Amino acid sequence: MTANGRTSTAPDVADVVALGESMVTFLPSRPGRLADVPSFDRAIGGAESNVACVLAAAGHSVRWVGRVGADGFGDHLVEAIGGYGVDVRAVGRDPARPTGIYFRTAGDRATDAHEVAYYRAGSAASAMSAGTMDLDAIRSGRILHLSGITPALSADCLGLTRELTARRPGRPLVSFDVNHRPGLWRDAGHGHGPEVLLELARGADLVFVGDDEARDAWGLDGPEAVRAALPEPELLVVKQGATGATAFHGAPGPSGADQVTSVPALHVDVVAAVGAGDAFAAGFLSATLRDLPVRDRLRHGHLMAAAALTVPGDLATPPARDHADRLAALDDTAWGRLRLGPGWTQDGERPGDRTGEGADEEVRTP
């Protein structure tokens, strides 16, 4: 470890490197206001580390790069994320700053009753910069996955994200999940969130954005409007909740038109609407690594999201690859009939083809 807390490694090439803050999450033992809940269970949370854990569980080589405190919570994060098979050797330890933590209520994040209490200001992750992080390790994957959460943490984190999204020869494929968190940007003081996120997304090769957050952040209505504002990424995925997802891909011709692929969302018996957005990204990236057609990449995204939606926590065991491939290969009629409930990812489990109402894929923390 270097004097500034950066871990020095001689990294081998991973399928995916995910950079971002992970925090210890405290989940309530029962429903109710934070003021009334007597005890909490400990878990891990972080958009980028969630993606890393799902990809590792799906059989890919994955490296998570972040920065945690030299404290017990930092030990827990490194051990827990490493327990999923993620390479955590490039995680920095900061002796002067703490690991971020947060508490949340058990209620649906879509309701006004949902509460989240963050304790991340001045965290070790907020000190991530080009000078405190191992850039060789960060760039050592076939894909580098980033999100719009990191640049909101500090001016240094924004500078690091700008460095990583700058278009340079030889860089890995850069994946960017917009993840607009208005609350973080209100307190940031180092840039206007929507403008910064649009700038960073334009530097990426693959962008994930929800149509709702594109509307809230940029005033854009519909996938076509998002593509018009983001013509630079080779592949743009607009998530449309219960409707599905639309991908714009291929090199635009003289007319500016490119290929458009839409896949409807699955009918899911939702247990908890948390973690599905990260799981969708992981499923899409997994299929991208395998060079599958864009339609199948979207379907694998929906299947990974369905795995997250049918468990109580943020992270779920993904379906076996052959199981997911079989479902992704269904014809459109059979795909539309699928309804997935708790336990569907287990070996030997066969989803029924009952019909039902879809559910929102992602509910983000404010």
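User: Which helices and strands each supply at least two residues of the lining of the second largest pocket?

Analyst: They are β8 (116–119), α4 (150–153) and α6 (182–186). The largest share, three residues, comes from α6. Please keep in mind that this is a predicted model, in which local features need pLDDT of at least 70, side-chain atom pairs count only at pLDDT 80 or more, and totals for chains, interfaces and linings use all residues. Residues are numbered from 1 along each chain as its sequence is written, and side-chain values use heavy atoms, with hydrogens and water left out.

User: What makes something a helix or a strand here, and how many are there in the chain?

Analyst: Both are DSSP runs numbered from the N terminus: a helix is H or I over at least four residues, a strand is E over at least two. By that rule the chain has 13 helices and 16 strands.

User: What makes a residue part of the pocket lining, and which lining residues are closest to the centre of the second largest pocket?

Analyst: On a 1 Å grid over the protein atoms alone, a pocket is an open set of points where a 1.4 Å probe fits, with protein on both sides within 12 Å along at least five of seven lines, and lining residues have an atom within 4 Å of a point. The second largest pocket has a volume of about 340 Å³. It is lined by 17 residues, and the closest to its centre are Arg-120, Ala-121, Gly-183, Leu-184 and Asp-187.

User: Why is Gly-72 called partly exposed?

Analyst: Buried means under 20% relative accessible area, exposed over 50%, and partly exposed in between (1.4 Å probe, protein chains only). Gly-72 is at 48%, so it counts as partly exposed.

User: What makes β7 and β8 a pair, and how many bridges do they have?

Analyst: Two strands pair if DSSP finds at least two bridges between them. Strand β7 (residues 101–104) and β8 have four, in the antiparallel sense, so they count as a pair. One of these bridges links Ile-101 to Tyr-119 in β8. The open sheet they belong to has four strands in the order β3-β2-β7-β8, with mixed pairing. Its edge strands are β3 (40–45) and β8, each pairing on one side only.

User: Which other open sheet is there, and what is its order?

Analyst: Eight strands form an open sheet in the order β4-β1-β9-β10-β11-β12-β13-β14, again with mixed pairing. Strands β4 (62–65) and β14 (259–264) are its edges, each pairing on one side only. Within this sheet, β9 (residues 141–147) and β10 (residues 173–177) run parallel and are joined by five bridges. His-145 has Ser-175 in β10 as its bridge partner.

User: What share of the contacts in the chain with a separation of 6 or more comes from residues 24 or more positions apart?

Analyst: Contact means heavy atoms within 4.5 Å, and such residues account for 71% of those contacts.

Conventions:
Grid points are joined across faces, edges and corners, and a volume is the space filled by probe spheres set on the points.
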